[in-house]
Amino acid sequence: MNHLNSGSFTTIVSTMLLALAGVAVAAPTEVLPLSGMGEPGEAAVYWDFRLDAGRGAGKWNRIRVPSCWEQEGFGAYYYGAQGRGKPDSDPIIPKERGDYRTEFAAPTQWRGRQVRIVFEGAMTDTTVRINGQVAGPTHQGGFYRFHYDITPLLKYGARNLLEVSVSKESSNPSVNHAERRGDYWTFGGLYRPVWLEARPTHHIEWTAIDARADGSFYAQVHLGSEAPTGSVVRARIYDPEGNAVGRALSAPVGIHDTTAVITGKLDNPRTWSAETPHLYRVELTLIAASNEHRVSERFGFRTFEVRPRDGLYLNGRKIVLKGINRHSFAPATGRTITREQSYNDARLIKDANMNAVRMSHYPPDKHFLEAADELGLYVLDELAGWQGSYDTPTGARLIGQIVRRDVNHPSILFWDNGNEGGWNRDNDGEFDRWDPQRRPVLHPWALHSGVNTDHYEDYASTVKLSGGPDIFMPTEFLHGLYDGGIGAGLRDYWDAMGNSPTVGGGFFWVFADEGIERTDRDRRIDTMGNSAPDGMLGPNREKEGSFYAVKQIWSPVQVSELQVDRTRPSLRMMLNNRYAFTNLSQCKFTWRALKLPRPGEASSDQRLIAEGEVAGPAINPGEQGAWEIPLAPGQTGDEDVFHLTAKDPEGRELWTWSVANPGQESRERSSATDQTTLTKVGNDRGIVQSGPYELSFDTRTGRLAEIRKHGKLLPLSDGPRLVAYTRTERAFQKIAATAKLRRLDLQANPRSPDVLATAAYDGPLREVTWRRSGDSLAMSYEIAYQGEAHILGVRFELPESQVVGKRWVGNGPYRVWQNRLEGGVFGFHETSYNDPIPGETFAYPEFKGYFGNWRWVALDTATQSVTVENVGAVPYFGLYGPRGGVSPVLELPDVGWSFLHVIPAMGTKFDLPESLGPQSQPQTLSGIQRGELRFDFEARGDGDRVSNPLAR
């Protein structure tokens, strides 16, 4: 049995005492939770539950409410697209019905009030009984708040029986086609909270506010019934600090009226935007004879306009929506989301420097909209309809439910009438019926309301559509899959879109992989093959590389031409302000001078040399200018890198740029001229001894066959050899290139006594030279390749099964693609070995792949550390073959441990890389590619030893 929480009980008792004392009471709506409410620290609430068919069916159990019943161990999992094109009777579609029951006490004090039961969301057809009597018509529609007036059905001061029957499938085919045949997981159950509300007989039912940037205030106050003669509605507005502002407002309620309209004007309000999310509150009180009812609503003063063939304007300023699509979803609980999870998602979206979010493909939890209001996000709120629409009466009813619940959120700029053809044009006008702001209605994937929202155009079409004349704002683009899309290709897309005056923005697909913990499979995460691992975050919000690429490219502060002027000394740069409302003087900039670890040093050897913080310069939104940060004497010269971090007015990090000191040497090298070199040739092997090293070469290929130091075999072998690939469709093919050995010299050159071996070839790999460099070995090479290549460089073998981790100085910690070079910060990074399977495991940052702008990299085995220094400015290093997952974007080749001049681009779920713009094209090479690498080998102590899971 559920009981009143202490807060509600206190409100009821204090209200009663004031009424008995003859004091007029402005009573708020009293709320009695019947389920968990998704609030921090609350205890789980259990009801009785019985499923009629499937897993766990046939007997009464206990179940958490709210929950998706699949996550509680009942019923069948079902991905909506599985039923697309099939009749509703198809056996693949679960037809389960769940029966719930619980008891609650209706307080005696509620007698004489109107009491309703409210469901925030139930999937899908829901029938409610109180004490055995039906509360009202079966509700159809799984994503909408609905309620029943149960006043005459209650026993006050006694226990009441609540029974709820929920059918997973609707008896209305249009509901199934709109909601349950979509490209996402579908569930069953009371998955959002349930509660009771008690109001005076004469009460405020709901309100709709239109507060404009000039301070104009308009509120429709909808009453639950006709009010007595002489009734009045009063309003008081409070600023973000809770202070009453402006004058008190009021409006009489006319005879037989059920709506009152309050208008007023506030001088110089602080306006709401995603950059300045100033929220006001209005208290509205209905005074009807001795009956008073008070409600409180949050709102923001803001004016939103779509100016045809121009752009989107908020408070008179042009804005660009940098957004993403988001499901209401968590792996452990499905569609059941807590307030904390909503706020965390909103913060993650903000942290990626996005300012907008599309609710795909249904209205979200109320607390997510509250987070968007508070933190500052522009919202597209969406009626369900995934390539299938509601019939007209059902759609009209559900539009009324979504708008009545959400109308006062300033974050909502647009209503979406379905998705990708799932709109019923006959219902477009229903939104205006309930919304006095008359927000524009979009048809995502179509041109409507002056906005072209076309999905998944390739780069060429994107350039064309960005040129106008219609406003272009794709509500889905750069569709993610595994590590593809979203960040991959964004630089070229945004260079075209972000610089166009008629682009309103864009929304990536999608925020997070929709991977569900299958309770029928030991909670293994299931993304339905490649249907749902489309996010820039993993299912548990693990950050992928695209998260940081988006964060850098979409930072509202852009830094370019960053350099250290050692004569002044100072940091100099160009700043570009891409905010719409914020002057850069409101931002902070912090800088750090760092000494990075040298090869063979630990992460603890990184040192902070100097740091500082300054306010930004006065650069207006949309403008740019040169800027200089003075440094004190002694703050330059010994550093390896300067990091410059921009922070927004709230102190949130926008991005960190770096400028490295190219003059820093890795370590001192002693001369090797006094070392003795001996050569042995025979049995297809040539052995060169120099100091502690013994190098064995294959005399047929010229490659290093094995290497020993102090007699101990080291793991590096079989190289360098050419690694070169082109790609056709989704498969990489090795470039047919002969590497015939012309000459192998294994004796020291008297004019260059440090030279140990030289190999010359007929073919693209022209020449390789090995030298002693103090206690290290150096290898230089030349590649002469003409034509297109997607991967090009040289490789060695170091068995993947032996590797336990890597350390490097360069950009990181995430891997890069040719069309996703952004998202890394230059510095020291380290990553333990991992080998994720996209869509099944979610270890980030990934160990394998391609990494750029590097100075040195060390691969660690359980017993050895092999370090390679980038002496010859080789752009990238590559590691092994990342796994592609199910039906991959690209099946990547195994490149061993390679040092590369060309790396591949990555595609999206729908497009191969060549469709994504200039950065995504294969490289056309001519001339000579040169590189020089320096190798060090060190034993690892027992305290450093860990294992590689591949070796188990």
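This is a predicted model: local features need pLDDT of at least 70, side-chain atom pairs count only at pLDDT 80 or more; totals for chains, interfaces and linings use all residues.

Trainee: What is the average pLDDT of the chain?

Mentor: pLDDT is the predictor's confidence in each residue, from 0 to 100. The chain averages 93. Of the residues, 94% score at least 70.

Trainee: Where does pLDDT stay under 50?

Mentor: Residues 1-24 stay under 50. There the model has 34 contacts (heavy atoms within 4.5 Å) beyond four places in sequence. Residues 668-672 also stay under 50, with 10 such contacts.

Trainee: What makes Asp458 a cap of helix α7?

Mentor: Helices (H or I, at least four residues) and strands (E, at least two) are DSSP runs, numbered from the N terminus. Helix α7 covers residues 459-466. A side-chain oxygen of Asp458 lies 3.4 Å from the backbone nitrogen of Ala460. A polar contact is a pair of N or O atoms within 3.5 Å; within protein, one must be able to donate a hydrogen and the other to accept it, and residues adjacent in sequence count only if both atoms are side-chain atoms.

Trainee: What phi does His256 have, and where does it lie?

Mentor: His256 has a positive phi of about 70°, although it is not a glycine. It lies in the loop between β17 (244-252) and β18 (259-265). Most residues other than glycine have a negative phi, and most peptide bonds are trans.

Trainee: Which peptide bonds are cis here?

Mentor: One runs from Met123 to Thr124, with omega near 5°. Thr124 sits in the loop between β7 (114-119) and β8 (125-130). Another runs from Tyr844 to Pro845, with omega near -10°. Pro845 is in the loop between β56 and β57.

Trainee: Why is the pair of Trp817 and Tyr850 called edge-to-face?

Mentor: The structure holds 46 aromatic pairs. In this one, the centres are 5.7 Å apart and the planes stand at 65°. Rings of Phe, Tyr and Trp (its six-membered ring) pair if their centres lie within 6.5 Å; planes under 30 degrees apart count as stacked, over 60 as edge-to-face and the rest as tilted. So 5.7 Å makes a pair, and 65° makes it edge-to-face. The pair links distant parts of the chain, 33 residues apart: Trp817 is in the loop between β55 (803-812) and β56 (825-832), and Tyr850 is in strand β57 (residues 849-852).

Trainee: How do you know that a space is a pocket or a cavity?

Mentor: Rolling a probe the size of a water molecule over the atoms shows where empty space is left. On a 1 Å grid over the protein atoms alone, a cavity is a set of points where a 1.4 Å probe fits but cannot get out. A pocket is an open set with protein on both sides within 12 Å along at least five of seven lines. Lining residues have an atom within 4 Å of a point. Grid points are joined across faces, edges and corners, and a volume is the space filled by probe spheres set on the points.

Trainee: What is the volume of the largest pocket, and what lines it?

Mentor: Its volume is about 1500 Å³. It has 50 lining residues; Arg145, Trp195, Glu197, Lys366 and Arg405 are the closest to its centre. Helix α5 (residues 392-406) gives the largest share of the lining, 6 residues.

Trainee: What is the volume of the largest cavity?

Mentor: About 240 Å³. Its lining has 24 residues, and Tyr482, Asp483, Arg815, Pro838 and Arg883 are the closest to its centre.

Trainee: How many cavities of 30 Å³ or more are there?

Mentor: The structure holds 8. Strand β14 (residues 204-211) gives the most to its lining, 3 residues.

Key. Residues are numbered from 1 along each chain as its sequence is written. Side-chain values use heavy atoms; hydrogens and water are left out.
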